[in-house]
Structures are given as structure tokens and as C-alpha cells.
Amino acid sequence: MADDITDDSAQTVAAGQLRAFIERIERLEEEKQTIADDIKEVFAEAKGTGFDTKAMRTIIRLRKKDKAEREEEEAMLDLYMAALGMA
């Protein structure tokens, strides 16, 4: 009987922890969507001002990389373009 109480308590604690994790993830997903919407608005504002949002996205992506990584990517792109006769 004592084992049943311990098992029930453990299951209750595990269920509570699981619920807490799920609720935290759901809140973070909501925040992530809000941030994504905010970013979308900024891009729309930039586009309305005349900026090329595709170029802006590329710059943002490149700024996340260090110089060596960017240079390696550019070298690979140049190599592939030359192989396809595009350079």
C-alpha cells in the first residue's frame, strides 16, 4: 500500500513537471511568434522605405558568420559558378 502511495506521488510530480515544461514551451512559442511578427513588420517598413529586403536578409545572414567562414562560402560559390560557366 505504501508503494502505491509513493508511485502515485511520483506520477503526480512527474505529471506536474511535464505540464510545467509544456506550458513553458508554449509560452516561448508564443513569444517566438510575436518576435517573428515584429521582424516581419520591420522588413515591411524597410521595403516601404525603398530598401531591398532580400539584400538585407543576406547581409543579416552573413553578419552571423565570421570572416573566414564568409570567405570560404564565397570561394565555394565562385568555384561552383566557374564550373557552370557563370563567372
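**Entry 1: burial and overall form**

I began with burial and noted that 5% of the 87 residues of the protein chain count as buried, where buried means under 20% relative accessible area, exposed means over 50%, and partly exposed lies in between (1.4 Å probe, protein chains only). I keep in mind that this is a predicted model, in which local features need pLDDT of at least 70 and side-chain atom pairs count only at pLDDT 80 or more, while totals for chains, interfaces and linings use all residues. For my own bookkeeping, residues are numbered from 1 along each chain as its sequence is written, and side-chain values use heavy atoms, with hydrogens and water left out.

I then looked up the secondary structure and found three helices and zero strands in the protein chain, with helices (H or I, at least four residues) and strands (E, at least two) taken as DSSP runs and numbered from the N terminus. Read from the N terminus, the order of the elements is α-α-α. The radius of gyration of the protein chain is 25 Å, well over the 12 Å that the globule rule gives for 87 residues, so the chain is more spread out than a compact globule; the radius is taken over C-alpha atoms, and the rule is 2.2 Å times the number of residues to the power 0.38. I also noted that the C-alpha trace spans about 80 × 35 × 25 Å along its principal axes.

The protein chain exposes about 8000 Å², of which carbon and sulfur atoms supply 58%; accessible areas come from the Shrake-Rupley method with a 1.4 Å probe, and for residues only the protein chains shown count as cover.

**Entry 2: charges and patches**

I looked up the charges next and found 14 positive and 21 negative side chains in the protein chain, the centres of the two sets lying 9 Å apart. In this tally Lys and Arg count as positive and Asp and Glu as negative, while His and the chain ends are not counted, and the place of a charge is taken as NZ of Lys, CZ of Arg, CG of Asp or CD of Glu.

On the surface, Glu 23, Glu 26, Glu 30 and Glu 31 gather in a patch of negative charge. Patches are made of residues with over 30% relative accessible area and no salt bridge, like charges being joined within 9 Å and nonpolar side chains (Val, Leu, Ile, Met, Phe, Trp, Tyr) within 5 Å. I checked Glu 26, which is found in helix α1 (residues 2-48) and is partly exposed, with a relative accessible area of 45%.

A nonpolar surface patch of about 330 Å² is made by Met 76, Leu 79 and Tyr 80. Of these I looked up Leu 79, which lies in helix α3 (residues 67-83) and is exposed at a relative accessible area of 52%.

**Entry 3: salt bridges**

Side chains of opposite charge can pair when their charged atoms come close. My search of the whole structure gave four salt bridges, a salt bridge being a side-chain nitrogen of Lys or Arg within 4 Å of a carboxyl oxygen of Asp or Glu.

In helix α1, Glu 29 and Lys 32 are three residues apart and so are separated by about one helical turn; they form a salt bridge whose closest N and O atoms are 3.4 Å apart. Glu 29 counts as partly exposed at 42% relative accessibility, whereas Lys 32 is exposed at 51%.

Another salt bridge joins Glu 73 to Lys 65, with the closest N and O atoms 2.1 Å apart. Glu 73 counts as partly exposed at 30% relative accessibility, while Lys 65 counts as buried at 18%.

In helix α3, Glu 71 and Lys 67 lie four residues apart, about one turn of the helix, and their side chains meet in a salt bridge (3.9 Å, N to O). I read Glu 71 as partly exposed, at 43% relative accessible area, and Lys 67 as exposed, at 54%. I also noted that salt bridges with shared partners join Arg 61, Lys 65 and Glu 73 into one network.

**Entry 4: distances along the chain**

I looked up Gly 85, which is found in the segment after α3 and counts as exposed at 62% relative accessibility.

Finally I turned to Gln 11, whose place is in helix α1 and which counts as exposed at 56% relative accessibility. Gln 11 and Tyr 80 are 69 residues apart in sequence and 57 Å apart in space, C-alpha to C-alpha.
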